[in-house]
Amino acid sequence: MFRIDFNKLRFLVCDDNPHMRRILRTLLHSFGAREVYEAEDGATALEMYSHYVPDIVISDWAMPIFDGLELAQMIRQPESKGNPYAPIIMLTGHSEKRRVTVARDAGVTEFLAKPISAKGLYQRILNVVANPRPFIKTKTYFGPDRRRNTNSAYMGPERRVGEKHEVLQQPSLLDKARSTI
Amino acid sequence: MAKNSAKDIEVKAFATHQIITQPNPLRKVLRRVEAKDADDPVGRAEQALASLAGEFKDWMAIEVERLSAAWTAVQKHGFTKELRDELFHAAHDIKGDAATFGFPSAAGIAESLCRVIEHAPDLEKVPAELFTHHINAILAIVHENTRLDRISVSAELSRRLRKVADDYLTQVNRDRPEHLEVILAPTIAPVD
């Protein structure tokens, strides 16, 4: 059985809603985290990301100035001087399949649909800590490997060329968003 | 701890892509423990969340006040982009927060309201009653939802408003398949 030393992790929480930030702070402190930085808009979050170099980012989608999706895209800049690899957990009230796909394609690592639960948040954190995925860089994408199923027969335009059809045995982001696991 | 140095990062190049692997930078925070020594961080967090419950009703009152003010502004000035966005965000926050705050039916109604704002082709042509019924229902639930017999009423209200809104959206989007697909698609509802 594994345990996370939350007191060694640094979190950046981005949400424009002060009540949700309070809830997230409460949950993370209860898990044992000590370093939880908070931003109420995407621009502040990006500045804090560069300054504090958090281990894990937890971001809302809808935020002022620029939103969580744009924040993810700005973090996932392979040539940036900062860390483009930090896990990003998107915590959002958006609950449509296409939103999960858009978030995935922006480089989001995990998707957690509100209402928030302690179990759901803990499991997303455990997953990014214990099961990091390799990063993929293409002409149009830089972020965690999006392959999660065994559809090796797929030959569509996004099929990567030049390697064996490697797959990661993980539930899809959509399936995970539907459950707490 | 968050970032590996460049020498730790391995890049395999292929025809169309690169695969980038690196040692897990967070591995040091994982510890194997005996089951008997494991604590219960989730239970601890749930207890902490429960300790905030006394504040939830006040927080919810603030959220619905924001929604009400946004609708009043729309009624006065119309659906400018700024006012449309504020109304959507106010409803969207309630959709995300209300269940946590103990008002799941209000969350359902707010979700229905969000769908109307997001998918109606022309908000000025949406019957005003569709908005007022949603907003008044959320206000009523938050201000009066303290007794069990009212909880079932609010759940039924939520279901009916969703049906009315979906019927309307299906009708006005019959020539917009991309919206129709989203409207008819199942939502991602967390298991718990």
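Two strands pair if DSSP finds at least two bridges between them; strands (E, at least two residues) and helices (H or I, at least four) are DSSP runs numbered from the N terminus. This is a predicted model, where local features need pLDDT of at least 70, side-chain atom pairs count only at pLDDT 80 or more, and totals for chains, interfaces and linings use all residues. Residues are numbered from 1 along each chain as its sequence is written, with chains lettered from A and ligands numbered from 1 in the order in which they are written.

**Exercise 1.** Work out which residue stands opposite Phe135(A).

*Solution.* Start with the strands: E7 of chain A (residues 135-137) pairs with E2(B) in the antiparallel sense, over three bridges. Now look across from Phe135(A), and you land on Ile20(B) in E2(B).

**Exercise 2.** Describe the side of chain B that touches chain A.

*Solution.* First, count residues in contact (C-beta atoms, placed from the backbone, within 7 Å): chain B gives 47 and chain A gives 54. Next, find the elements of chain B that give two or more residues: strands E2 (18-21) and E3 (30-32), plus helices H1 (41-51) and H3 (81-97). H1(B) brings the largest share, seven residues.

**Exercise 3.** Find the contacts of Ile56(A), leaving aside its neighbours within four places in sequence.

*Solution.* Go along the chain: Leu9(A) and Phe11(A) come up, then Ala86(A), Pro87(A) and Ile89(A), and finally Ile125(A) and Val128(A).

Key:
Contact = placed C-beta atoms within 7 Å.
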